[in-house]
Amino acid sequence: MQPKTPSRMRARSEVKTPITPALYNAMNQMSMASPTKKRSKSKTRTERFDMSNPFISATAASHSRPASPTKKPSHADLGRQAASGVIKKGDIESSRRMMDVVASKEPAQKPELKRSKSTPSRAGFDQSDRFITTRDMEKDVVAGFEKMHIQPQTASPGHTARLADATGVPLNRRILSFHEPPPAASSDKGLALQRDHAKPLYASRPNSIATSTGAVSSKSRKISSQPERVLSAVNLMDDFYLNLVSWSSQNTVAVALGQSTYIWYAETGDVSALADAPEGLYPSSVEMSNDGAYVGIGLCNGDVQLYDVESGQRMRNMTGHQGQVACLSWSEHILTSGCADGSIWHHDVRIGKHKVMELLGHTGEVCGLKWRSDGELLASGGNDNVVNVWDGRLGDVGENAQGKAKWVKRNHTAAVKALAWCPWQPSLLATGGGTNDATMHIWNVNTGARVHSQKTPAQISTLQWSPHKKEILSTHGYPTNAIMVHAYPSMERVAEIRDAHDSRVLFSCVSPAGDVVLTGGGDESLKFWKIWEAPSAAGKKKKSALEFDDRTLNTTRSGVMSIR
Amino acid sequence: MATKQANKQAITLKGSTVLVTEFFKYAVNTILFQREVYPSDDFHMVKKYGQTVLVTQDPNVENYLEKILSQVQKWLLTGSVTQLVLAIISKDTRIPLERWVFDIKLVAEEEGSGGDDSKKPKQPKPDTEIQSEIRAILKQIISMVTYLPVIQEPTVFNILAYTNDSAEVPAGEWNDSDPLAIEASKSQQVKMRSFSTDHHRIEAMVSYRFDE
């Protein structure tokens with residue numbers, strides 16, 4: 001009995017028990033911080049032991065009560081009570097802990113404890129109070145313990161006992177929460193939708209590969225992050241939906257700047273103004289014919305004009321479209337135009353009634369149009385997020401002839417401007433989506449199956465297959481403004497040139513030699529990038545397929561020059 | 001309302017209650033914003049306590065908080081609420097991640113316990129002083145973000161009111177709840193500043209889950 005004096009108890013706990021802030025807080029709330037108070041409380045409880053449960057007595061007790069001569073019954077009762085309460089809740093573990101605590105400290109009380117352990121219901125009965133329902137008490141005892149973070153490892157027996165001793169204070173408290181759960185975020189559908197739309201605008205720049213500056217090849221190959229040449233292209237329109245740059249097999253570049261169209265000769269660097277659009281109009285697309293002799297110019301009012309590159313003369317003006325012609329593609333003598341109203345027309349440039357077929361398959365503006373090099377298939381992408389592939393064979397031709405899409409793909413979730421046919425595997429078509437989509441899909445056109453998909457960090461403005469390597473190049477808008485090179489079929493990122501332009505990269509074309517890529521950006525400049533090596537003269541089959549291999553771009557030229 | 005009363009240099013219990021409730025509103029909003037429980041564009045800026053405070057404009061959340069705080073105000077008036085806890089819980093696993101604890105103490109009680117720093121009602125605390133204390137807490141909440149662990153998962157919040165037994169509880173609206181405690185071995189605690197009116201003393205603390 002002697003070791004059980006209050007002073008002894010205090011000393012023990014002070015030495016052994018680390019008081020966590022939570023415990024300390026809990027103690028504070030119980031106004032148990034001062035040892036003297038505690039002593040007086042425990043004393044009062046002891047006195048009242050026989051008549052009622054200590055939890056009530058603790059709250060009701062006044063500090064002026066005289067100290068009781070013995071402490072034994074208090075702990076016994078405490079242990080019993082805690083045991084019963086906790087056992088009823090189902091937490092055997094903590095009940096045992098409680099019992100052990102008391103048992104270890106008071107060997108004399110063992111028989112009594114055992115009894116309580118074996119007959120918890122009886123113990124519960126013993127301590128029941130008509131003023132306080134049993135349910136509340138159990139709950140609060142347990143809640144109080146949990147709140148105090150009792151840990152069997154960290155809390156010393158003495159400390160646990162002390163806490164248990166003090167349960168009278170948490171007992172008269174309830175933890176309440178509001179009956180309904182808090183409303184879920186973005187319950188406003190309109191707001192959620194807006195958020196979804198605005199998300200890409202706040203896109204954070206994803207991590208670059210390897211080093212953050214410039215392009216680094218993951219393989220042994222190194223791609224320069226600096227352009228070979230920069231041409232300032234004043235008035236180059238910053239419009240995602242237009243197609244204003246075309247590089248012909250004759251190594252000439254047609255580019256539309258503002259109202260005018262220019263031809264830039266890659267070998268010499270000379271520039272000649274080709275045509276001016278009529279007053280108030282501007283070219284929305286330029287496309288050089290396969291032989292490089294003619295330029296098709298689509299205007300914003302729907303007219304399609306044909307110019308002879310060499311003489312600089314207008315050959316004809318083909319009218320009929322009701323909206324802006326944002327894309328053109330040549331296949332032999334057929335010039336196909338995509339219009340803002342979603343229609344695609346085949347113009348036979350040789351005959352008077354130039355419109356030979358109409359392809360209806362888009363509900364939004366047609367912004368991507370590409371003939372396969374063999375002229376058998378035509379791919380089109382629209383602002384309605386649809387990719388169509390059309391049979392290129394013209395059967396019965398005439399003003400009212402209509403073509404049907406071979407297949408339709410609606411996987412993209414944004415405008416499809418970027419389209420590219422694979423030069424070395426005719427069945428492959430790559431398509432890339434705009435801001436909300438930023439995904440590149442590669443299709444097998446024969447089966448219509450999607451072969452690969454690759455998510456990219458930003459809107460895809462153009463795609464270009466390498467003519468000689470199993471790689472595909474993509475150009476991107478905000479936020480990376482990058483040129484990326486992906487390996488095929490692994491889709492691994494071979495290189496990435498961040499901030500290739502100061503603004504989004506809008507247009508691109510590959511040189512006829514297949515080594516240099518020309519990009520046009522919203523920052524009104526054209527940049528030439530040496531991405532791939534032109535195949536060496538020795539024994540490359542692919543090279544012989546290129547008719548213009550001797551006309552490779554003179555890469556020694558460098559520096560900034562104006563196109564005008 | 002509270003300001004006016006405070007200006008009269010005789011802040012009543014009612015005025016103090018309004019002031020404390022108002023503080024909870026802005027503190028809860030600030031936490032919800034800072035801890036990104038709700039998307040940040042749900043919040044708009046409001047001038048309060050001489051600084052800008054971000055307050056939710058999602059009507060559902062607004063109503064929800066309003067309902068809770070009006071009850072808290074009633075409890076404050078009767079002095080039956082001792083603690084208010086804003087628990088931030090993982091949405092999927094329901095594991096409590098953070099507990100923002102506001103201890104509410106009646107100043108009168110402290111006087112009884114012999115604290116000599118507590119002021120007598122005869123010398124009311126100037127309104128400006130209270131406001132600057134509140135401002136300090138709100139600023140502290142904002143600055144907490146710098147060292148609280150970044151929460152990657154979606155979260156929900158829950159407000160717990162610790163009341164004493166005598167508190168009148170509207171039936172069906174408030175239920176006894178789990179304390180949503182964080183295991184002591186995995187939690188870190190930081191005590192924040194406190195503020196007091198002539199009748200209440202609010203002490204703030206945050207405990208957060210911190211796994212090594």
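**Confidence in chain A**

Start by colouring chain A by pLDDT. This is a predicted model, and the mean pLDDT of chain A is 71. Of its residues, 58% reach 70 or more.

Select strand 20 of chain A, residues 416-421. Confidence in chain A is highest here, at 94. Now jump to helix 13 of chain A, residues 541-545. Here confidence is lowest, at a mean of 40.

Next, highlight residues 27-126 of chain A. The pLDDT is below 50 over this stretch. In the model it has 137 contacts beyond near neighbours in sequence. Then take residues 538-560 of chain A, where the pLDDT is also below 50. This stretch has 36 contacts beyond near neighbours in sequence.

**A helix pair in chain B**

Move to chain B. Show helix 2 (residues 13-34) and helix 5 (residues 127-144) of chain B. How far apart are their axes, and at what angle do the helices pack? The axes are 9 Å apart, and the angle is about 20 degrees. Angles under 35 degrees count as roughly parallel, so helix 2 of chain B is roughly parallel to helix 5 of chain B. The crossing is right-handed.

From helix 2 of chain B, the contact takes in Leu19(B), Phe23(B), Tyr26(B), Ala27(B), Thr30(B), Ile31(B) and Gln34(B). Helix 5 of chain B brings Asp127(B), Ile130(B), Ile134(B), Ile137(B), Leu138(B), Ile141(B) and Ile142(B). Sorted by class, the contact has 11 nonpolar, two polar and one charged residues.

**An aromatic pair in chain A**

Over all chains there are 19 aromatic pairs. For one of them, select Trp407(A) and Trp443(A). The ring centres are 5.9 Å apart and the planes lie at 45 degrees, so the pair is tilted. Trp407(A) is in strand 19 (residues 405-409) of chain A, and Trp443(A) is in strand 22 (residues 439-444) of chain A. The two are 36 residues apart, and the pair links distant parts of the chain.

**Backbone stops in chain A**

Select Ala438(A), in the loop between strand 21 (428-433) and strand 22 of chain A. Its phi is near 55 degrees, a positive value in a residue other than glycine.

Go on to Pro479(A), in the loop between strand 25 (471-476) and strand 26 (483-487) of chain A. What kind of peptide bond joins Tyr478(A) and Pro479(A)? The bond is cis, with omega about 5 degrees.

Finish at Pro489(A), in the loop between strand 26 and strand 27 (493-497) of chain A. A cis peptide bond joins Tyr488(A) to Pro489(A), and omega is about 10 degrees.

Methods
Residues numbered from 1 in each chain as written. Chains lettered and ligands numbered in written order. Predicted model: local features only at pLDDT ≥ 70, side-chain atom pairs only at ≥ 80, totals over all residues. Heavy atoms only, no water. pLDDT = per-residue confidence, 0-100. Helix = DSSP H or I, 4+ residues; strand = E, 2+ residues; numbered from the N terminus. Contact = heavy atoms within 4.5 Å. Axes fitted to C-alpha atoms, helices over the stretch in contact; angles between N-to-C directions. Parallel < 35°, antiparallel > 145°, perpendicular 65-115°, else oblique. Left-handed = near helix turned anticlockwise from the far one by under 90°. Nonpolar A, V, L, I, M, F, W, Y, C, P; charged D, E, K, R; others polar. Phe/Tyr/Trp six-rings, centres within 6.5 Å; stacked < 30°, edge-to-face > 60°.
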